[in-house]
Each structure stands twice: as structure tokens, then as C-alpha cells.
Amino acid sequence: MERVNLQDSDPDFIQALDSSYFIGGFRGCYICGTCTAGCPVHRAHRDYDPLRIMRMLVLGLREELLRGDMIWLCSDCYTCQENCPMGVKITDIINHLKNLATLEKNIPLGVSTQGKLLKDQGKIYIIDDFDNKKRAKLGLPWLPEMVGEAKALLKKE
Amino acid sequence: MKYSLFLGCTIPARSRNYELSARAIASRLDLEFIDIEDFSCCGFPLEASDEMGAILLGARNLCLAEEKGLDVCALCSACASMLTKTAYHLNGDERLREQVNKELSRIGKEYKGIIKVKHFARIVLEDIGLERIKEEIKRDLSGLKVATHYGCHYLKPSYIYEGFDDPQEPLTLEQILEAVGVTNIQYRRKKECCGGPVLLSDEDVALTVAQEKLRYVKKAGADCMNLVCPFCSLMFDANQKGIEAKFESAFTIPVLYLPQIIGLAMGLSRKELGLNLNVVSTRELESTLEVY
């Protein structure tokens, strides 16, 4: 494992995250490792390590966190967050880091494609005539193809 | 009881067996669903890349239900979680609410915070009640050994769910199954994730996570799995063949949605419950239970 270079630390990064209503309080982490011990993704893929993410965060290693692919392996299962003895909102924090990585254009193709679909049609799958015929056959109600109002709402002014 | 039915994206397009069976049992248990055609995606798939966009989508959906004066029933656990989380944050954070309402005003909407969101299984337990379900039981399922997969967002993050069930020791889905007469089977890693959300960033990792659970379900001798989320179903049912090939193993475990199992106990047919739409065949299980 590579050594951590503290020259890369970005104190402003930690400051901004720690004052956020949604995800503040991560400085309470005392490195017990409960998060990683219970993580199902870690068991399948040892490189993925929520404790390491938390330490990188506390050390302000912004670039490494947001440019790497580690955060995108989180399955959003909330096991670490529910298990954390200090109540650190680990999963919510990792999700926020994914948002920040997106701003840096570090986002898996599948995730960005879903985002585009939603902004274009308001849902992931279009329900076309073909689908509605299938639905009708099963006695299920008709649904519109897409939701235009959702598109209008997501459009940045 | 009346609820607006929130289908989300995946269920009406890909998991019609879930929708069909939920509607089928609801209509027999005095639970009336009102369809709101204009519901969009819940916002969950946007959460990783655009948290604010996700909350906006969630808030708009809540507004539509508020206009009808109806609480929301979500079938998908990710939808239930996203909509509950949206309401939680909007109700607790004045500044966020103002910001969101400013955006909503562009489409003539305002979030008021007057309705509740519940997962379908929670409605079965809290609104319909187990006693009411027991009155409708027509088929003996005591020979059916079921491994329940709770999944993640049905119960987590727990801070949004006001103490409903306990993610460390979940019970609710098995309480329902006990009432309908099946035999609940315990297995290792019961509480764990299906791996689904990782599918978009690393398929190998996602399938490895799902495979681990299937292995323990098989080892415990379950006849089928029980779940309440279309993403979990995608991993265990739709992807089961692929997982078998990738890991050179054989599972052949039918994966049923909770209302399909409840419906079986209520004496409903294969077609009424959409069992013909399940990917892993449920035929053997049906013939044992004499389902036609």
C-alpha cells in the first residue's frame, strides 16, 4: 500500500464537509474499523475499504478521494453507517463524495447515463405502447411514456 | 384504507409480477390503491450524482400525493427510502425546504409536509394487520421453507424510519410470513445487501456479493427467497443464471416477492400473482403446493 502524503491535504475540503447539515461529525471516527469489518463489498473486493475513505477524509486527501474509483464501489447498503459506534453517517458521506467526484467528471458511465435519462424523460424506463399493451393484457393500468414536468423541474435555469 | 401507489421506474417496466401480486392481494384486503399517472422517478438514481436533483424529484412526487390528500405506498425499497428521506429532510430543515419550494414554484408546486410515505410491507403489517390476513388464508404453506432477504433501503438509513423495525435484528417481513403460515428459514448473511447498486460501477463485485447470499440461502435448504425490492429481485432472480455460470455453481432458487407468497397463502392462482413472470421457474414449488 502506498504511503499517505500529507502535503496533498486540503484543509478547506474538510471544513466544508464538516459544517454540512447532512454529513457533519465525521471527525468523531476513532478508527475502530467496524465499518470495514461489516462491509459486504469489502469482503468481495479487498481494495474497497470504508475506513480508509474515512481516514482519507479526515486527512483532507481531496484529490485522491475524488479522482479515484474507490468511492464508486460503495453499494449504498448503509451497513457501516448503522454499525458505527460514533454515529458517523458514513454512507451519506460517501454519497456526498460521489456528488463531488461527479463535479470533477469522475463518474461511472452507467451512473451518468441514468442521470441523463432522468433529466430527459423523468424516469429511467420509458413506458411505450408496447409496454402499455403488455400491461393492459395483465389488467394493469395505462401509464404515460414520460414525465415532462420532472424534466422542467430538473432543468437548471 | 386508501393510498396513492408509487410504482417508480423499474416495477411497471420490469417487475410486473410484483405490481400484479401487490394489487391482487391489496384489493382483497381492503387496501385501495389510487394511481397517479404523473409520478416520476423517485429520485434515487440521481442521489449519487446530484443530491439536490434527487430531492427535487422526490419533493415533486410528494406534492402530487399531497394534492390528492393521500399517503404514499411504495413497492420498491429504494423509492420508499428516497421519498421518506426527502420528507425527513424537508420537514426538519427550514432552509432546505425554502430552497426546494422556490424551485418547485417554477412548476406551480409547493411542498407542505402533510403526508406520510410507507413501504408496502409496512402497510401490510401496520394498516392491514396480521389478524386480517389470517382471515383470508386458504392454502397451507407450512411445508414451504422461505429465506427472507430484507435488503437495505426497506429499513435503512434507520434515522429516517422513526424506529420501524430494527436493521440490526429485522423481524417485520418474517412476522408477516409467520402469519401466513410459511416456515421461516435462517441463513448466514441474512441482513446483507444484494450488491445491486454496484452493478453500474463494477459488475464483478456486484455479482460476487449476490453470489455469497445465494450460496448461504441454498446451504440453509430454503425452497425460495422472499423479498420486497425490484433491484434485489434483479440480482437474485434475473441474474441467478448468470451468477451460476460465472461461479460454476447451481442454485435454482425461486425468488418471490412478499405479496406473491401472501397471495399463495390466500389461495390465488399462478396468473393472478404473476408467477409466470418470475425468471427462475416456480413450477416445482407450485406443484408441491397444488397451485393452479
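## Helix 7 of chain A

Helix 7 of chain A, which covers residues 90–103, has 14 residues and reaches 20 Å from its first C-alpha to its last, close to the 20 Å expected at 1.5 Å a residue. These values, like those that follow, come from a predicted model. The buried residues of the helix are Ile90(A), Thr91(A), Asp92(A), Ile93(A), Ile94(A), Asn95(A), Leu97(A), Lys98(A) and Ala101(A), and the elements against which they pack are helix 2 (34–38), helix 4 (50–58), helix 5 (62–67) and helix 6 (79–83) of chain A. An α-helix has 3.6 residues a turn, so residues three or four places apart point the same way.

After helix 7 of chain A comes Lys105(A), whose phi is positive, near 65°. On the scale of the whole chain, chain A is divided into domain 1 (6–103) and domain 2 (109–154), and the centres of these two domains of chain A, taken over C-alpha atoms, are separated by 33 Å.

## The two domains of chain B

For chain B, the domain assignment gives domain 1 (2–120) and domain 2 (137–289), with 24 Å between the centres of the two, again taken over C-alpha atoms. The contact takes 23 residues from domain 1 of chain B and 23 residues from domain 2 of chain B.

On the side of domain 1 of chain B that touches domain 2 of chain B, at least two residues each are supplied by helix 1, helix 2 and helix 4 (77–92) of chain B. Helix 2 of chain B makes the largest contribution to this side, with nine residues, and the residues of this side of domain 1 of chain B divide into eleven nonpolar, eight polar and four charged.

## Strand 1 of chain B and its partners

Is strand 1 of chain B, residues 2–6, largely enclosed or largely open? Four of the five residues of this strand are buried, so strand 1 of chain B is largely enclosed by the rest of the structure. Four bridges join strand 1 of chain B to strand 2 (residues 32–35) of chain B, and the two run parallel; in this pairing, Lys2(B) has Glu32(B) of strand 2 as its bridge partner.

Four strands of chain B form an open sheet with parallel pairing, in the order 6-5-7-8. Its edge strands are strand 6 (183–185) and strand 8 (255–257) of chain B, each of which pairs on one side only, and neighbouring strands of this sheet are turned by 40° against each other on average, direction ignored. Strand 5 (residues 145–148) of chain B is joined to strand 6 of chain B by three bridges, with Lys145(B) standing opposite Thr183(B). Strand 5 of chain B also pairs with strand 7 of chain B in the parallel sense over three bridges, and Thr148(B) stands opposite Asn226(B) in this second pairing.

In strand 7 (residues 224–227) of chain B, Cys224(B) and Asn226(B) point one way whereas Met225(B) and Leu227(B) point the other way, and all are buried. In a regular strand the side chains alternate between the two faces of the sheet. Three bridges join strand 7 of chain B to strand 8 of chain B, which run parallel, and the bridge partner of Met225(B) in strand 8 is Val255(B).

## Ile253(B)

Ile253(B) is found in the loop between helix 11 (240–246) and strand 8 of chain B. Why does Ile253(B) count as partly exposed? The reason is that Ile253(B) has 17 C-beta neighbours inside 10 Å, whereas a residue is buried only if 20 or more lie within that distance and exposed if 12 or fewer do.

Leaving aside neighbours within four places in sequence, Ile253(B) is in contact with Leu214(B), Val217(B), Lys218(B), Ala222(B), Cys224(B), Met225(B) and Val280(B). The C-alpha atoms of Ile253(B) and Leu234(B), which are 19 residues apart along the chain, are separated by 13 Å.

## Where chain B meets chain A

Between the chains, 43 residues of chain B are in contact with 45 residues of chain A. The elements that give two or more residues to the side of chain B that touches chain A are helix 1 (10–14), helix 2 (16–28), helix 3 (51–68) and helix 9 (203–219) of chain B. Helix 3 of chain B provides the largest share of this side, five residues, and the residues of this side of chain B divide into 20 nonpolar, eight polar and 15 charged.

Conventions: Residues are numbered from 1 along each chain as its sequence is written. Chains are lettered from A and ligands numbered from 1 in the order in which they are written. This is a predicted model: local features need pLDDT of at least 70, side-chain atom pairs count only at pLDDT 80 or more; totals for chains, interfaces and linings use all residues. Two residues are in contact if their C-beta atoms, placed from the backbone, lie within 7 Å. Ala, Val, Leu, Ile, Met, Phe, Trp, Tyr, Cys and Pro count as nonpolar, Asp, Glu, Lys and Arg as charged, and the others, Gly among them, as polar. Two strands pair if DSSP finds at least two bridges between them. Axes are lines fitted to C-alpha atoms, for helices over the stretch in contact, and angles run from 0 to 180 degrees between N-to-C directions. The expected span of a helix is 1.5 Å times one less than its number of residues. Domain bounds come from an automatic or database domain assignment.
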